[in-house]
Amino acid sequence: MTDDGSDLFRSSLDTYREMWLAVTIWNMVGLGTLYFICGFIAALAFRRKTKAIIFIPFASTLFGVLAGLAEGALFALVIALIYISGPFAMQWWMAAVWGLGLSIFYLILSLLRIITQW
């Protein structure tokens, strides 16, 4: 890794851009993983109905990454603004906790939306 400030695994993230980028990337990783798992389960459910089951996990992963980019970018703006405006220092693992926590929050809200429709 270079020492030009582009390393997301440094001891601390100092600028607004670094914090925003780290939280957004971790959210994209979390939602991409969740959507891949769901796509794999859907592919197993539809394995006898279609020949294109190999594309289902990858298409859902792409959708999850794009959803993580959209959701993570908005929430990461607020999180990074709070860290910059206060006397807080964000470590790289804190960005991972925020990003993956946002993914879990997205999952819970999605499940609650499905449950309340019953």
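1. Helices are DSSP runs of H or I with at least four residues, and strands are E runs of at least two, numbered from the N terminus. This is a predicted model: local features need pLDDT of at least 70, side-chain atom pairs count only at pLDDT 80 or more, and totals for chains, interfaces and linings use all residues. Residues are numbered from 1 along each chain as its sequence is written, and side-chain values use heavy atoms, with hydrogens and water left out.

2. The protein chain has three helices and zero strands. Read from the N terminus, the order is α-α-α. The chain is more spread out than a compact globule, because its radius of gyration is 17 Å, well over the 13 Å that the globule rule gives for 118 residues. That radius is taken over C-alpha atoms; the rule is 2.2 Å times the number of residues to the power 0.38.

3. Helix H1 covers residues 16-45, 30 residues in total. From first C-alpha to last, H1 reaches 43 Å, close to the 44 Å expected at 1.5 Å a residue. The expected span is 1.5 Å times one less than the number of residues.

4. Buried means under 20% relative accessible area (1.4 Å probe, protein chains only). Of the 118 residues in the protein chain, 29% are buried. In H1 the buried residues include Glu18, Asn27, Gly30, Leu31 and Tyr35. Their cover includes helix H2 (55-85) and helix H3 (92-116).

5. Contact means heavy atoms within 4.5 Å. Among contacts between residues at least 6 apart in sequence, 71% join residues at least 24 apart.

Note on methods: Buried < 20%, exposed > 50% of the residue type's maximum accessible area, 1.4 Å probe, protein only.
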